[in-house]
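Please find below a note on the model under review.

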Amino acid sequence: MNKDFMKIIMNPIRQRIVQYLIIHGQGTTKEIGAELSDIPPASLYRHVKVLFDNHCIEIADEKKIRGTIERTWKLAQNPIAPVSPEDIAALFRSGLLSLLGSFENYFLSEDADPQRDLLSLTTSTLMLTDEEFMDMMQKIGNIFNEVIYNQPGDGRKPRRLTFISSPCEKED
């Protein structure tokens, strides 16, 4: 996996576009923009183009509307070649560094207020079989599904929730 591809998929706006397509299956740039209304249209079109040019998304349908072509997008069937453990490790490092950068920027802001912003960090070690773990993940997924379609407004603001599952260190 090349570093350029990691830059492509680790961009927060592109991750939100991909998330939209995971949830909805497909959508036009206009439909995606309606849900991601905090992203300026020109920026959204640019990020969609980057995803398309790099084979992360593909055209599901095209319609001619008032002299222009409206494309409906979907996730590419095979967006990347097989990846090695080193590739996955590089993705995790990149993601964690991006998250660290977000926290650094937050705390450098004069407006940082962790209590007001409900900032939290927690780590728990759980004893679970693979089946218990998958059951828990499905329950967490169901909770996400209850709120993932929320639209802006009514006091809602974007909140980033990062959930990482990792093996624990082996005890000696």
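1. The model is predicted: local features need pLDDT of at least 70, side-chain atom pairs count only at pLDDT 80 or more, and totals for chains, interfaces and linings use all residues. Residues are numbered from 1 along each chain as its sequence is written, and side-chain values use heavy atoms, with hydrogens and water left out.

2. The average pLDDT (the predictor's confidence in each residue, from 0 to 100) is 86 for the chain, and 92% of the residues score at least 70. Confidence is lowest in helix α1 (residues 3–10), with a mean of 71, and highest in β1, at 96. Helices (H or I, at least four residues) and strands (E, at least two) are DSSP runs, numbered from the N terminus.

3. Three strands form an open sheet in the order β1-β3-β2, with antiparallel pairing; two strands pair if DSSP finds at least two bridges between them. The edge strands, each pairing on one side only, are β1 (27–28) and β2 (57–65). Eight bridges join β2 to β3 (residues 68–75) in the antiparallel sense, and W73 in β3 is the bridge partner of I59.

4. Helix α2 (residues 12–24) packs on the sheet and touches β1, β2 and β3, its direction making about 80 degrees with that of β3. Helix α4 (residues 41–53) also packs on the sheet, touching β2 and β3, at about 125 degrees to the direction of β2. Axes are lines fitted to C-alpha atoms, for helices over the stretch in contact (heavy atoms within 4.5 Å), and angles run from 0 to 180 degrees between N-to-C directions.

5. Leaving aside neighbours within four places in sequence, V48 is in contact with I17, T29, I57 and W73.

6. T29 lies in helix α3 (residues 29–35). T29 is buried (under 20% relative accessible area, with a 1.4 Å probe and protein chains only), because its relative accessible area is 7%. Beyond its neighbours within four places in sequence, T29 is in contact with L44, Y45, V48, R71 and W73.

7. Helix α5 (residues 85–108) has 24 residues, which at 1.5 Å a residue should span 34 Å; its end C-alpha atoms are 34 Å apart, in agreement. The expected span is 1.5 Å times one less than the number of residues. Within α5, D87, A90, L91 and Y106 are buried.

How values were computed:
Buried < 20%, exposed > 50% of the residue type's maximum accessible area, 1.4 Å probe, protein only.
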